[in-house]
Amino acid sequence: MNARQAIADLDRELAATGTSVTLRRRLDTAGNFSDVVVKARVVFESADGIAGSSSKQRMGRVICSMTQIVQADWPGANANLLQVQRVPKAGDIARIDGADYTVESAAPVMMSFSVVRINMKVKG
Amino acid sequence: MSSPAPWADARTRIQNAAFGIPIEWANEPFDVPAGVMWMSVDAVGDSLLPIELGPTGTWSEEGSLFVTIMAPQGSGTYEQRVLAKSVANLFRGIPSGPIIYRRASIGIGRQLQRDGMWWAMTVQIEWSYTDK
């Protein structure tokens, strides 16, 4: 399997069974964001307390591909960005079913210099 | 946990201040709001010890009130600091009584970190309570 096939397989799977997730990169503290909607597999698996509170936040895993990110030129118009530089990063927001979650980590899976998959952990 | 009197006193003062944001009181139902500031309040007694001898002697309790102010991640800290200072000011200049508020800390000497969707800033107010 080459990278192109791996991406196509993942996109087909996500198109069939995935959830629409909006990835949001905060541009300032005034509430301006750069958004892109991706198809993703979302699994919530545990909860973790909020420091200083007895309330908890959900934690989950989000899997997506680079396809919609590259198509939208996310997070901003810059033709010089490498694919791996477009991968979401800690502090970005994943809006899932109307609720916001913070990206705690985003790990790109590489194959032949292409990002074929992004594994993210979210909390919120 | 603290004994009930310091908790009730602090709670009344915070409620009367009407900060206008949702407040989570320890072990009470609370729904975390989305995208707005809120605060979580708890009180802890560090020590209860006799300062007079005998079965009816006075006891002194030392403890802290913790008010943690949550701001949505990425929204900056200025408004949070303003509110934290207002909380600290709430316990300034109160006439001496059974409960004395001694000093406060904004942040308890720690740098803050994002925690999921929140950025938490804790105000600690130290108190002593004389239980006659």
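Guide: B:Phe30, B:Trp38 and B:Trp118 are linked by ring pairs into a cluster. The model is predicted. Over all chains, a search of the whole structure gives 5 aromatic pairs. One of them joins B:Phe30 and B:Trp38. Their centres are 5.2 Å apart, and the planes make an angle of 35°. That pair is tilted. Stacked would need planes under 30 degrees apart.

B:Trp38 also pairs with B:Trp118. Here the arrangement is edge-to-face. The centre-to-centre distance is 5.6 Å, with 90° between the planes. Where do the two partners lie in chain B? B:Trp38 belongs to strand β2, residues 38-50. B:Trp118 belongs to strand β6, residues 118-131.

Now burial. B:Trp38 has a relative accessible area of 0%, so B:Trp38 is buried. B:Trp118 has a relative accessible area of 5% and is buried too, because the cut-off for buried is under 20%.

In chain B, B:Arg11 sits over the face of B:Trp25, 4.3 Å from the ring centre. In chain A, A:Arg24 sits over the face of A:Phe33, and the distance to the ring centre is 4.0 Å.

Conventions
Residues are numbered from 1 along each chain as its sequence is written. Chains are lettered from A and ligands numbered from 1 in the order in which they are written. This is a predicted model: local features need pLDDT of at least 70, side-chain atom pairs count only at pLDDT 80 or more; totals for chains, interfaces and linings use all residues. Side-chain values use heavy atoms; hydrogens and water are left out. Rings of Phe, Tyr and Trp (its six-membered ring) pair if their centres lie within 6.5 Å; planes under 30 degrees apart count as stacked, over 60 as edge-to-face and the rest as tilted. Buried means under 20% relative accessible area, exposed over 50%, partly exposed in between (1.4 Å probe, protein chains only). Helices (H or I, at least four residues) and strands (E, at least two) are DSSP runs, numbered from the N terminus. A charge sits over a ring if NZ of Lys or CZ of Arg is within 6 Å of the ring centre and within 35 degrees of the ring normal.
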